[in-house]
Amino acid sequence: KKPAARIAKENKLDELLKGRSRVVETGHIVILNWSEHIFTVLHELKLAAGSKRDCVVIMGDRDKVAMEDAIRERLGGNGALRVVCRSGDAIEPTDLDIVSLDTARAIIVLSPDMADLDRDAQVIKTLLAIINSPGRRPEPYHIVAELRDPRNVAVTRLISMEEVELVVAGDLIARIIAQTSRHAGLSTVYTELLSYEGSEIYLAERPELVGKSYREALFIYAHATVIGIASPDGPPRLNPPAATLFASGDRLVAIAGEATDLHVTGELGIVDEAAIDVQPVTPPRPDHTLIIGWNWRVPGILEQLNNYVAPGSTATIFADVGVPSTVEEQLPATLANLSVRIQIGNTTDRRLLDALGIERYEQVILMCYDGIPPQQADSRTMVTLLHLRDIATKHGHSFSIVSEMLDVRNRRLAEITRPDDFIVSDQLVSLVLTQLAEVHELNAIFAELFDAKGMEIYIKPAAEYVKLGVGMTFATVVAAAARRGETA
């Protein structure tokens, strides 16, 4: 017979090999459910950690070794970030005990990669298992959860309004595509702001601002751009009226490369009044948009476009879906500013693309088909994209192209020819999830930026603000934009 101590040791080793041993950590981040998003989330968490030691615990329904191998293959080394994998079911309370939720600083609930499963239902059940656990800690959790369908938001809010920040993938992507299709280059701006590579949005209480106006604050920081005020008793205010004063307890909302940039004050430079040449705001005119391809996000994109365009605008949908009724049944019931026309055909057929008269459109949105493997969907998108670029060159017609691609690796392939606007759905959702895991207050800021009724980011011609060909400081540009009630 084996001694009891030896049996216990072998059982413990067996638990470790199977990924069933309890994690003993404090201040760690827990990721529940296995998803392709994990790789981008881990990459961003590694950047956020920098040189300081940090720990991420992942629990998925896969073998522990298989998860570790996949992470190692896609990400290589994790730097200062330590990644611990455990096997389990996120809706089982006994399995959740393994990852030590009560000592975690944040919990990310991903939409699982399971084709035969109602993914949102799995997320909702996971949230119920966490929040309603009888042995849970009394203090609120910091949970960030991903949903796919906006229709499931209301029922999810019934679980908890205080502990859960929701990222609704379909709605988020629809809003970003609608905005970036109208402003070439905007997706690059969003990608940088949402990533820990480059500059991002910070919130910080700065004593030197108390009593100062928003206009004064615009010129105080030499290495950061002021964009708003976050008060303790309400949502953040982006681009508030110039006379708005900072009160005690208010936090600065700013874009900077590092948090330490907000500690550096100094003049932006001398405002050159002679270089300012502010033009009146031109009234919007009807837009004409071409949408090539079809998936479940297109109706949401049309709803969002309707919020941005002037009356009399049009959208043409060209898709390979068999019959027009397939699309018509899913279109929004009412679009006050936008009329929609549907054309059926093979979206990779050059002859049919030439017949569309693309020179009539200001922007083209290229969507991936759902119901087929992601790589196949991206391949069709890339073929169509190459045709569109050639058509634009031959007609000498410049139009913006926003291309949805499911795999970030395919985005890099397409960029070899020419950098266009791209929307990589999973990547952007992953970036937002990671940002909210670190700073949950950013959710209100993102909601404002991506809402047609809120403050938005625009890319505008410099000639609307200053004289071209004249040397000037950035302070001059800031002053010019402020005269139109805008923040540069």
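This is a predicted model: local features need pLDDT of at least 70, side-chain atom pairs count only at pLDDT 80 or more; totals for chains, interfaces and linings use all residues.
Biologist: How many aromatic pairs does a search of the whole structure find?

Modeller: The search finds 3 aromatic pairs.

Biologist: Why is the pair of tryptophan 34 and phenylalanine 39 called edge-to-face?

Modeller: The ring centres of tryptophan 34 and phenylalanine 39 are 5.8 Å apart, with 85° between the planes.

Biologist: What makes tryptophan 34 and phenylalanine 39 count as buried?

Modeller: Tryptophan 34 has a relative accessible area of 4%, and phenylalanine 39 has 6% relative accessibility. Buried means under 20%, so the word applies to both residues.

Biologist: What makes tyrosine 190 and phenylalanine 450 an edge-to-face pair?

Modeller: Their centres lie 5.0 Å apart, and the angle between the planes is 75°. The distance is within 6.5 Å and the angle is over 60 degrees, so this pair is edge-to-face.

Biologist: Which parts does the pair of tyrosine 190 and phenylalanine 450 tie together?

Modeller: Tyrosine 190 is in helix α8, while phenylalanine 450 is in the loop between α16 and α17, so the pair ties together parts that are 260 residues apart in sequence. Ring pairs also link Tyr190 and Phe450 with Phe446 into a cluster.

Biologist: How do you know that arginine 74 lies over the face of phenylalanine 39?

Modeller: Arginine 74 is at 4.2 Å from the ring centre of phenylalanine 39. The distance cut-off is within 6 Å, so that part of the test is passed.

Definitions and conventions. Residues are numbered from 1 along each chain as its sequence is written. Side-chain values use heavy atoms; hydrogens and water are left out. Rings of Phe, Tyr and Trp (its six-membered ring) pair if their centres lie within 6.5 Å; planes under 30 degrees apart count as stacked, over 60 as edge-to-face and the rest as tilted. Buried means under 20% relative accessible area, exposed over 50%, partly exposed in between (1.4 Å probe, protein chains only). Helices (H or I, at least four residues) and strands (E, at least two) are DSSP runs, numbered from the N terminus. A charge sits over a ring if NZ of Lys or CZ of Arg is within 6 Å of the ring centre and within 35 degrees of the ring normal.
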